[in-house]
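Reader: I'd like to learn how to read a structure like this one. Could you walk me through a few features?

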Amino acid sequence: MKSYYFSEEHEMFRQSIKDFLKKELLPNIDQWEEERQIPREFWRKFGEMGYFGLEFPEEYGGSDLDFFYSVVMIEEISKCFSGGFAILPMVQSYMSSPYIVQHGSDALKAKYMPKIISGEAICCIGISEPGAGSDAMNIQTQAVRDGDHYVVNGAKTFITNAVYGDIVVAVVKTNPEAGANGVSLLVIDLNSEGVSRRKLKKLGWHASDTAELNFDDVRVPAENLIGEEGFGFYYLMGGLQLERLVAGISGVAACDAAIEYSLQYMSERKAFGRPISKFQVLRHRVAQMSAEIEATRYFVYHCCKMHDAGEYIVKECSMAKLLATEMTNDVATKCLQFFGGYGFMEDYKMARMFRDSRIGTIGGGTSEIMREIIAKMVIDEQEYTKA
Amino acid sequence: MYFKEEHHLFRQSLRAFLDKEVMPHIDQWEKQGYVDRSIWKKLGDMGFLGIDYAEEYGGSASDFMYTAILFEEVSRCNSGGFAGVVVSDVGLSMPYIRNFGNDELKKEYLTKSVAGDIYGCLAITEPNAGSNVAGIRTKAVRDGDHYIVNGSKTYITGGVHSDYIVAAVRTGDEGSSGISLLVIDRELEGVSAKTLDKMGFHASDTAEIFFDNVKVPASKLIGDENMGFYYIMQNFALERLAMALCWQASCEDAIAYTLQFMNDREAFGRPINKFQVLRHRIAQLASEVERIKIFNYNVARAYGDGEMVTKECAMAKLMATELGDRVMTECLQCFGGAGYMEEYKIARMFRDSRVGRIAGGSSEIMCELIAKMTVDAVGY
């Protein structure tokens, strides 16, 4: 179907990032998965190519492009069969630093954005805590003002990019009595005194460094506050829509890659004297999945178009994330099955995709949280407005 | 993104018309087993039958999104049977005459169809050939200026009361290359029809049609002889897209109706829409309906722009009708015992939905088609 979403320029950009990934990433990714770390040098190259700053203002080194360039980038990095790789740029440019760009002071932007866009600094977002995940209002990490500084104490967990990264946009309580109005966002340098990091072992996303962070009397300059004190929760609610939309884009692209990879295998693998792609039951399974992927793709593009036009689409982003990540789990399970015993072996990329996809319905708000939000909007007719 | 202000106004006026002219009668039509003939003239007078047809036939030659709106709105009348006969006329029968018929045929049938003076049905399926169109046996033998038609058709929506039948007949060899399309007038001698007793779609006079030495003027041939199979394959895209739009709209309708009930109905001291498990079920279904709706609109836009969207139409039809069954099943469940009673519309919606996965090419046929295009990379 003709594209109503991408221009020729977008497609040229797609080709360039594909070429880049083919040259710089694909030959190394297996090793990096094994080592559970991607070298900083790679991310510097990624930054040099401009991939961290597609949407960001030119004054900080960004390219100020429309959102569909980001869609292309997210799609292409999500087709590399390494969720652990793909998540770093997604967190860097769409889930953490946008808070600085949208709500931060000029000084804060000037301080951090050039480094983030160039890939010199890796950024993460610190929301979840050992005792609070989706209920962000109940976080315990505290930031107490002390002269020109905040003194931060508490812990964050499941923080992507935080073991080897440089800065975290941390959700902290600046007024524990004020509920949602007591939440603020602080940019914390991860090399500060009092920050300790523990690398977490995970089911998948092996190329990604995921950390538990501890803050023990960490002194953070007051100028590192994003926007206004007490507005963190509202900034977060706004930013989470983009995070969920990105999860949707990524999920659909991962499904595309899985289907393509499976079809290749199915055309080569023979059983009972013919390629397994000739067995009706498998064909129908592919057909069913393809239909679902196609429908989800257009739904996600539709949401991207609305997002790009500046609309605040809480319901749609929640739906996109819910549908795409649930589908990715399903597609990964079914595609692995096509490979039979090989699907269980690390020689084939399906095993990795299977385990990497599993986080989709958990991270960035679980499927259950998505349904809570959707239910509020659809059943109770609740509406949300942008902070 | 898909509709302009004019489209919204059109939807409003159509909705107002349906509320006034269709909704008060729908229960009666369901009961009697067919839609009152008078509705066609009313639809025609309002211009709803000629949206997609040239002005010379009385139509308004509007873009395809208006037709998409028509398909959606007729599906919001709690009667799959009513929607079925309208779609069967506007989306299934008339397009063959418009797209492949000669000027004479167009002038005769389209002008009257657009006005609502007559309406048509499409007859392809036979007792022994459904999805395998190439296997049809109804024969049309050329005899001078006429064809002599013998055979039978079945499961024909609107097949008892419609005025003309766009029929697939065998004029040539076995297989797909020997099929033609004929417009057969109801009044011709030898045409008879029997209403079929069905599980749902009660307002549709779905029929088995018999042709017994029917003498059809050769001028009623649509397009070229033996090209029928290709014409049918081309229009299937529209038929499937129409069904996708219909089922998506009735899913939306069912959810809205169910939410109303859940808000009013109390159990254990609170409205049942406060129970989390039901809320999440609705959230999931609403998301899936939203997805298929946006997909349908994307496909409709591409179809309207003249793109070949065979695969996408098959996908849309597969997804929407499968979802329809799930939505109706789950929504009916939210009504509890009331869902099983005819007082509530959900019982009818449930049984009407079931034919979606069968008609217009079963889900299995959709999967065959999609598999050919995705697995074997065949293009159409």
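Author: Let's take a helix, a helix pair, the core and the chain contact in turn. This is a predicted model, where local features need pLDDT of at least 70, side-chain atom pairs count only at pLDDT 80 or more, and totals for chains, interfaces and linings use all residues. Residues are numbered from 1 along each chain as its sequence is written, with chains lettered from A and ligands numbered from 1 in the order in which they are written.

Reader: Which residues of helix H3 of chain A are buried?

Author: An α-helix has 3.6 residues a turn, so residues three or four places apart point the same way. Helices (H or I, at least four residues) are DSSP runs, numbered from the N terminus. A residue is buried if 20 or more other C-beta atoms, placed from the backbone, lie within 10 Å of its own, exposed if 12 or fewer, and partly exposed in between. In H3(A), residues 40-48, the buried ones are Trp43(A), Phe46(A) and Gly47(A). They line one face of the helix, because they fall within an arc of 100° seen down its axis (the arc of the directions from the helix axis to the C-beta atoms). Glu41(A) and Glu48(A), on the other side, are exposed.

Reader: What do the buried residues of H3(A) pack against?

Author: Helices H5 (83-103) and H6 (106-118) of chain A. After H3(A) comes Gly50(A), with a positive phi near 90°.

Reader: How do H4(A) and H8(A) lie to each other?

Author: Angles under 35 degrees count as roughly parallel, over 145 as roughly antiparallel, 65 to 115 as roughly perpendicular and the rest as oblique. H4 (67-77) and H8 (280-308) of chain A pack at about 140°, their axes 9 Å apart, and are therefore oblique. Phe67(A), Phe68(A) and Val71(A) of H4(A) make the contact with Cys304(A), His307(A) and Asp308(A) of H8(A).

Reader: Which residues touch the most other members of the largest nonpolar core?

Author: A nonpolar core is a set of buried Ala, Val, Leu, Ile, Met, Phe, Trp, Tyr and Cys residues joined through C-beta atoms within 7 Å. The largest one here has 245 residues, and Leu186(A), Leu182(B) and Leu241(B) touch the most other members. Helix H7 of chain B (residues 228-264) brings the largest share, 18 residues.

Reader: How many residues of chain B are in contact with chain A?

Author: Two residues are in contact if their C-beta atoms, placed from the backbone, lie within 7 Å. By that count, 30 residues of chain B meet 28 of chain A. H8(B) gives the most to chain B's side, with 16 residues.

Key:
Helix = DSSP H or I, 4+ residues; strand = E, 2+ residues; numbered from the N terminus. Axes fitted to C-alpha atoms, helices over the stretch in contact; angles between N-to-C directions.
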